[in-house]
Amino acid sequence: MSMDFNLYMNDVVTQAREDMERAGYTQLTTPEEVEEQLTQKGTTLVMINSVCGCAGGIARPAAAHAIHYDKRPDRLVTVFAGQDKEATAKARSYFTDYPPSSPSFALLKDGKICTMVERHEIEGHDPMSVVNKLQQYFDEYCEEV
């Protein structure tokens, strides 16, 4: 019995996308969608999704739980590294002074990068430490809901 790798990966990607949508994040799959969302006034949290284990075991759960807080971004969006390459590249063009990293989180205000939680701050950490870091940034940059 053999497994079709592409079929398996499609299932993994579909599940990863659905995880983020269920958590309330909007999928951005084109550079135009990224431009439209990231240039708006207010705060935007961008989750750079991926298929790695630290995305599924740490970053996506942290993304879902961090937003249940008194302060949170105005918009929650996600791009998928390795899948929606042009959208991801466009999003990363806003993350000046930060190298490409996935999974990761970027917090923008009025279209300008405020801060990031990079892969090295996710991989090897538990989801709650990432939640705490995100909520600390929400306290600093976001308004109460």
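Biologist: In this predicted model, which residue meets Arg 119 in a salt bridge?

Modeller: The side chain of Arg 119 takes part in a salt bridge with an N to O distance of 3.3 Å.

Biologist: Which residue forms a salt bridge with Lys 133, and how many residues apart in sequence are the parts that the pair ties together?

Modeller: Lys 133 pairs with Glu 121, and their closest N and O atoms are 3.3 Å apart. Lys 133 lies in helix 5 (residues 127-141), whereas Glu 121 lies in the loop between strand 5 (112-117) and helix 5, so the parts joined by the pair are separated in sequence by twelve residues.

Biologist: Is Glu 121 buried or exposed?

Modeller: The cut-off for a buried residue is a relative accessible area under 20%. Glu 121 has a relative accessibility of 17%, so Glu 121 counts as buried.

Biologist: Where do Arg 22 and Asp 19 lie?

Modeller: The side chains of Arg 22 and Asp 19 meet in a salt bridge of 2.7 Å, N to O. Arg 22 is exposed, with a relative accessible area of 57%, while Asp 19 is partly exposed, at 25%. The two residues are three residues apart, about one turn of the helix, and both lie in helix 1 (residues 5-22).

Biologist: Which residues are linked with Asp 19 and Arg 22 in a network of salt bridges?

Modeller: The count of salt bridges comes to seven. Asp 19 and Arg 22 belong to a network of such bridges, in which they are linked with Glu 18 and Arg 60.

Biologist: How many disulfides does the count give?

Modeller: A disulfide needs two cysteine sulfur atoms within 2.5 Å. The sulfur of Cys 54, a buried residue at 9% relative accessible area, has its closest cysteine sulfur in Cys 52 at 3.3 Å, which is too far for a bond. The sulfur of Cys 142, buried at 4%, is 7.8 Å from the closest cysteine sulfur, in Cys 114, and this is also too far. The count of disulfides comes to zero.

Biologist: Which negative surface patch includes Asp 70?

Modeller: Asp 70 is placed in the loop between helix 3 (53-66) and strand 3 (75-80). Asp 70 is exposed, with a relative accessible area of 56%. The negative surface patch is formed by Asp 70, Asp 74, Asp 139, Glu 140, Glu 143 and Glu 144.

Terms used
Residues are numbered from 1 along each chain as its sequence is written. This is a predicted model: local features need pLDDT of at least 70, side-chain atom pairs count only at pLDDT 80 or more; totals for chains, interfaces and linings use all residues. Side-chain values use heavy atoms; hydrogens and water are left out. Patches are made of residues with over 30% relative accessible area and no salt bridge: like charges are joined within 9 Å, nonpolar side chains (Val, Leu, Ile, Met, Phe, Trp, Tyr) within 5 Å. Accessible areas come from the Shrake-Rupley method with a 1.4 Å probe; for residues, only the protein chains shown count as cover. A salt bridge is a side-chain nitrogen of Lys or Arg within 4 Å of a carboxyl oxygen of Asp or Glu. Lys and Arg count as positive and Asp and Glu as negative; His and the chain ends are not counted. The place of a charge is taken as NZ of Lys, CZ of Arg, CG of Asp or CD of Glu. Helices (H or I, at least four residues) and strands (E, at least two) are DSSP runs, numbered from the N terminus. Buried means under 20% relative accessible area, exposed over 50%, partly exposed in between (1.4 Å probe, protein chains only).
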